[in-house]
Amino acid sequence: MSGDRRTLRVAMVGRGFMGAAHSQGWRTAPHFFDLPADVEMAVVVGRDPEGTAAAARKYGWQEASTDWRATIARDDVDIVDVCVPGDLHSEVSIAALEAGKHVLCEKPLANTVAEAEAMVAAADAAAASGGKAMVGFTYRRVPAVQLAAQLVAAGELGDIREGRAVYLQDWLSDPEAPMTWRLDKASAGSGALGDLGAHIVDMVQFVTGQQVDRVAGTTRTFTTERPLLAENVGLSGTASSERGTVTVDDAALFLGELSGGGVATFEATRVAPGRKNGLRIELNGTRGSLVFDLEDLNVLQLYSSADGANAGFRRVLVTEPSHPYVAAWWPPGHMLGYEHGFSHQVVDLVTSICDGTQPSPTFADGLSVQRVLDAVERSSADGARWTDVR
Ligand code: SOE
């Protein structure tokens with residue numbers, strides 16, 4: 001190994017579900033991919049000392065800290081991975097970029113358009129001195145989704161006329177499911193809209209290469225009060241010591257006009273019983289269609305009108321070494337899963353840092369999604385009227 005090989009030391013702020021998923025990415029990527037730098041999982045930051053120390057041991061971080069400001073100020077930290085609730089995304093990301101660190105920030109980029117704009121400004125300023133900023137829309141990094149984008153860009157579907165995208169979960173179907181930060185607008189920004197809708201907006205924009213320009217939609221909160229757990233006392237929506245007020249949507253449904261002239265439907269919900277993590281998009285173009293379904297994520301379904309009388313949807317198993325990211329893993333047909341996107345995210349960020357290229361999705365991509373979410377909320381407040389994304 002050459003003596004001038006770089007080592008990139010990572011600090012991860014936040015250690016919940018996304019922290020666990022990101023840890024898996026940092027731990028695994030260097031063992032499967034030939035990264036252009038060594039990666040060290042230096043510090044994990046959390047609020048309570050015991051829990052954070054336990055997370056460091058479990059996930060493989062060298063140190064635990066309860067002080068994110070001191071951590072990002074360290075000279076021996078190169079990358080800051082932001083996995084905290086949305087209300088801290090802008091503060092931690094901007095401080096880290098200003099401290100000269102590369103930043104990976106979980107989605108949605110921020111809780112508001114104003115915060116996302118400030119983050120883009122900080123990323124632009126950091127870029128002048130080589131700083132990289134990336135937002136964690138990991139589903140872009142499922143091989144079948146990458147392949148879908150390549151096929152659309154190559155014109156395989158022709159012009160996109162229609163899209164339909166859903167992201168359905170059910171963990172809030174039960175009205176007695178407890179309050180968490182994800183149900184508090186001040187912490188999470190929005191509900192299913194930002195948590196799940198952000199993914200499908202990004203996926204449609206990424207795969208089609210187009211922007212959502214105008215929306216008409218509605219949001220609903222079916223359960224407005226939920227049992228309060230001791231650790232959630234103090235959330236801004238809390239009404240009493242026993243129940244908290246839900247201040248975000250349970251479901252969001254909207255139409256979107258695409259910049260290429262097409263139209264798409266979007267639905268994000270956390271109250272669809274039986275739907276655990278059901279993300280599905282379908283695109284129909286002038287020459288064909290494609291379908292991606294996260295519950296069958298190694299497969300891309302393709303239909304080509306050119307196949308004439310024998311046309312039908314083909315199930316393409318996206319596990320060949322020639323497919324994006326796949327060569328580093330297993331032989332054809334040996335399936336990848338949810339967690340692999342987090343490894344691919346590490347590969348792309350580390351490669352960009354070493355190559356000096358811009359990692360994608362950029363903070364600007366995150367801002368464009370944020371603007372769509374904001375337009376949906378404005379449309380919903382205005383009787384589902386068509387509303388410009390701005
Ligand atoms: C919500 O339940 C959630 O964890 C999202 O926040 C993630 O982004 C998604 O990957 C899975 O579902």
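1. Ala268 is in contact with Tyr167, Ala192, Leu196, Gly197, Asp250, Ala251 and Ala252, leaving aside neighbours within four places in sequence; contact here means heavy atoms within 4.5 Å. Ala268 sits in strand E12 (residues 263–269), where helices (H or I, at least four residues) and strands (E, at least two) are DSSP runs numbered from the N terminus. With a relative accessible area of 0%, Ala268 is buried. Buried stands for under 20% relative accessible area, exposed for over 50%, and partly exposed for values in between (1.4 Å probe, protein chains only).

2. On the basis of the values: the model is predicted, so local features need pLDDT of at least 70 and side-chain atom pairs count only at pLDDT 80 or more, while totals for chains, interfaces and linings use all residues. Residues are numbered from 1 along each chain as its sequence is written, and side-chain values use heavy atoms, with hydrogens and water left out.

3. The chain is divided into domain 1 (7–139) and domain 2 (140–360 + 367–388); these bounds come from an automatic or database domain assignment. Taken over C-alpha atoms, the centres of domain 1 and domain 2 are separated by 22 Å. Domain 1 puts 40 residues into the contact, and domain 2 puts in 51 residues.

4. Which residues touch the most other members of the largest nonpolar core? They are Phe266, Phe292, Leu300 and Phe363, in a core of 76 residues. Such a core is a set of buried Ala, Val, Leu, Ile, Met, Phe, Trp, Tyr and Cys residues joined through side-chain atoms within 4.5 Å. Helix H8 (residues 192–208) gives the most to this core, with nine residues. At least three residues come from each of domain 1 (7–139) and domain 2 (140–360 + 367–388). Not counting residues up to four places away in sequence, Phe266 touches Ala165, Ile200, Val201, Val204, Val212, Ala252, Leu253, Phe254 and Gly256. A second, separate core has 30 residues, including Phe33, Met41, Ala55 and Leu349.

5. The ligand has these residues around it: Phe17, Lys107, Tyr139, Tyr167, Gln169, Trp171, Arg182, Asp195, His199, Asn277 and Tyr338. The criterion is that a heavy atom of the residue lies within 4 Å of the molecule. An N or O atom in the side chain of His199 is 2.7 Å from an oxygen atom of the ligand. Lys107 has a polar side-chain atom 2.9 Å from a ligand oxygen atom, and a polar side-chain atom of Gln169 also lies 2.9 Å from an oxygen atom of the ligand. The protein covers 92% of the 300 Å² of accessible area that the ligand has on its own; areas come from the Shrake-Rupley method with a 1.4 Å probe, and for residues only the protein chains shown count as cover.

6. Two cis peptide bonds deserve a check. One joins Lys107 and Pro108, with omega about -15 degrees; Pro108 lies in the loop between strand E5 (102–106) and helix H5 (113–127). Another joins Ser360 and Pro361, with omega about 5 degrees, and Pro361 lies in the loop between helix H9 (340–355) and H10.

7. Phi of Tyr325 is near 70 degrees; Tyr325 lies in the loop between strand E16 (314–317) and H9 and counts as buried at 17% relative accessibility. Ala384 has a phi of about 65 degrees and lies in the loop between H10 and strand E17 (387–388). Ala384 is partly exposed because its relative accessible area is 36%.

8. Ser368 is placed in helix H10 (residues 363–381) and counts as buried at 16% relative accessibility. A polar contact of 3.2 Å joins the side chains of Ser368 and Gln205. A polar contact is a pair of N or O atoms within 3.5 Å; within protein, one must be able to donate a hydrogen and the other to accept it, and residues adjacent in sequence count only if both atoms are side-chain atoms.

9. Lys58, in helix H2 (residues 49–59), is exposed, with a relative accessible area of 65%.
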